Amino acid sequence: MTNYAASAVPDWASRPPVVWSVFGALAVGAVVLELVGRRLGAVESARSAAQVGPWPVRRPPVAGMASLRAPQGSGAVRGRDGELAALRRLLARPQGRYAVVCGVGGIGKTTLAAALADVARGEARRVFWIRWRAPDELAEQMIRVALACGLPDARLEEARAGRVALPDVVWEQLERTPAWLLVLDNVDTPQAVGPDGEDVASYRGWIRPGGRGLLLVTSRNADAAVWGARAVLHRVAPLEPAAGSQVLRDAAPGAGTADEARALAERLGGLPLALHAVGRYLGAPGSRHRSFTAYTAALDTQLGTLLGATQLRATDPAVGRTLVRHTWELSLDQLAADGTPLARSVLRLLALLAPAPVPVRLLTPELVTEATEQQTGVTEVEAALNGLHTYGLVDTPTGHDGQPVLGQVLLHPLVREITAHIHATESEARDRYRQALVGCLVDAARATGARAADWDGARLLAPHLLVAAADTANEDDRDLADAVDHVGRSLSAAGDYGSALQLRQAAHEITARSLGPDHSDTLNSRNDLANALDLFGRHQEAADLHQQVFTARERILGPEHPDTLLSRSNLANALDHLGRHQEAADHHRHILATRERVLGTDHVHTLHSRNNLGLALGYLGEHQAAAELHREALSGYERVLGADHPDSLNSRNNLALALDDLGRHREAADLHQQVHTAYARVLGPDHPDTLNSRDNLGLALGHLGHHQDAADLHRQVVAAFERLLGPAHPSTLTSRNNLGLALENLGHHRDAADLHRQVLATRERVLGPDHPRTLESRNNLAAVLRAAGRAGRGSGSRTRRRFLNAGRR
């Protein structure tokens, strides 16, 4: 079959463009008179351009008329196999549908369409390509397509007489023609396609679904309602790092390794326009930066002269859409022209936040009004956000189930970075925007509590608070410091220890700088930072900070002040984690006696001291005394706080561990099962306290001889801790150690030895060679190697427990 890809045109096209917005005889007749008068030459020229028929071209192509030939591919299309396969299926069976390839400017829509055109040519289909510019030009080009497909004179006469609409004439001819692909490229203003104000979704104008061929439209507009029910939308996403790396290496093969290119591709957010621009830059002989690594480093300080550079001709849309810095301005200009001028201001606000999902509730009318100094309402803000989403400038993040998370928006990292650069260097309002955002973040943080229902909101706020805290303009903002600390407390309760540590560090830096090292608020902040370090597994740093706070409070407040006792208790907990159990026990005995005398036996802090002393004694092997203290503490917690309070559950967990130490494994297993069920209900299945409880249940089941059940539980916990806390966190190492013991008891000595080697190497590096946990790992490895020659003689007595310390306040 012959390939139709028209390039030559009838000579009537040299006339001024004909506007087809009116379908009466005047509008159509002007064109048809020209067509009839030169029908033979026009048909021959169109046929020649379409590469069909034996006739030569009798007159040269008309100057200035756009070609209908699809652009030739410029090489391999990377990372689009899935999208291209879906479009090929639609090309093979349109079934009354058409395709809309949509997405943010620079995402590679035209490249994907051109790749499909290459496929269609290879399958001997007729291929036509029209670049959208204006309604009148589109009408002319659609006539040329119809002529290339054999449009009869009689139908044009009917259009001239006003008996039928010109789009109907063109589409009737297309539906009589088999196996074609028609691409309308860059239709970013579908409402202007027409003709005569027709909505695209009515399918009465130039855009219609086909049955014998496929119409493919590329557009920045991703609003499904605009395109109608017969449109199949393909929203193009950024390239994955591996594909982005290949794009860079295609353009600049000598600029570095695949890993270096991958790092640069990730830095560019997988945006094809940026990847190609950077590849051309690195391949040019006069470029300052010659490698992927050098360019990646330069972006941190030279964004404005690289991807953010201004171009004089960027006001021309044909130029602007090829430039990284300017391509998104075209979409903002279009939104403004469509009646959504606030979109640019909202985008600038979003660009001042972190490269992370933003809760829509944060973008209040009050915030926008304060930033722009223009009165704004809810409707205008919603319209701006929806407009930005329609044009791909903001996206909706995807949840773990693959579904979009409503109520949140996310900027492409490069859109965010360049927008922030433009705002910082070319706008006098950046400080006003920033101050408005800080006030809004502080208010949102204050409304966030420590309950489980508040944790997701705290997680969303955390990265944006950290960006605000890192801004030097906010280095003395005490309200911001309090807000950061407040959200840090919430995330600590949620078990998100990494985020909590970052927030506590940021809050402490502002507080210490503002108030001095010995101010009471600074000491409170340093105490919270030390607790965050301890929870994150950095026990020596935690102990050092707690020692500082304890020394300062003892000097300023006296040895029996509640804050001094709190610091001493937290210091003892850190020492316990460092394996200095006797020192920890001595501290806890002193604190317990003082609190019982000063605060009373049922005060929560007294209960914490009783619990913590029990933990220290358990480490020292005094299991009966530990069990008695835990039983007393549990009774007090349940009486004061209730049975389902996390501190009560923690205490019950510690009592179960003490019973296990005493050999009362059945009682311990039953109690651990109760605690685990309650933790999962109260805190969720993936909270660190729930995971610790599950690990402890596995230990108890192992002591009862249920080794397979124990191994299954330990595997779950190891996988979850590695994901949540990382492979080197003490909780992860403890769970991996316990899995090794379970595998040894199952006779899987080689697997057990491999796990113990891993744990030993990490503990030596993280905790030191003489830490009790390191010695435990060394003993466990030696024992499993011995047991490998004596199957069935595993040693369950080497098991160490994951004790949970309460009372870090």
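This is a predicted model: local features need pLDDT of at least 70, side-chain atom pairs count only at pLDDT 80 or more; totals for chains, interfaces and linings use all residues.
User: What is the secondary structure content of the protein chain?

Analyst: The protein chain has 35 helices and eight strands. Of its 809 residues, 55% count as buried.

User: How do strands of a sheet pair?

Analyst: Strands of a sheet pair through backbone hydrogen bonds, and the pairing is either parallel or antiparallel. Here, five strands form an open sheet in the order β2-β3-β4-β1-β5, and the pairing is parallel.

User: Which strands stand at the edges?

Analyst: The edges are β2 (126-131) and β5 (231-235). Each has a single partner strand, so one side of each has no neighbour in the sheet. From one strand to the next, the twist averages 20°.

User: How many bridges join β2 to β3?

Analyst: Six bridges join these two strands, β2 and β3, which run parallel.

User: Is Asp-185 buried or exposed?

Analyst: A residue is called buried when its relative accessible area is under 20%. Asp-185 has 0% relative accessibility, so it counts as buried. This residue lies in strand β3, which covers residues 180-185.

User: Which side chain makes a polar contact with the side chain of Asp-185?

Analyst: That of Thr-218, at 2.4 Å.

User: Which residues is Asp-185 in contact with, leaving aside neighbours within four places in sequence?

Analyst: Asp-185 is in contact with Thr-110, Trp-129, Ile-130, Arg-131, Trp-132 and Thr-218. For the protein chain, among contacts between residues at least 6 apart in sequence, 67% join residues at least 24 apart.

Conventions
Residues are numbered from 1 along each chain as its sequence is written. Side-chain values use heavy atoms; hydrogens and water are left out. Helices (H or I, at least four residues) and strands (E, at least two) are DSSP runs, numbered from the N terminus. Buried means under 20% relative accessible area, exposed over 50%, partly exposed in between (1.4 Å probe, protein chains only). Contact means heavy atoms within 4.5 Å. A polar contact is a pair of N or O atoms within 3.5 Å; within protein, one must be able to donate a hydrogen and the other to accept it, and residues adjacent in sequence count only if both atoms are side-chain atoms. Two strands pair if DSSP finds at least two bridges between them. Axes are lines fitted to C-alpha atoms, for helices over the stretch in contact, and angles run from 0 to 180 degrees between N-to-C directions.
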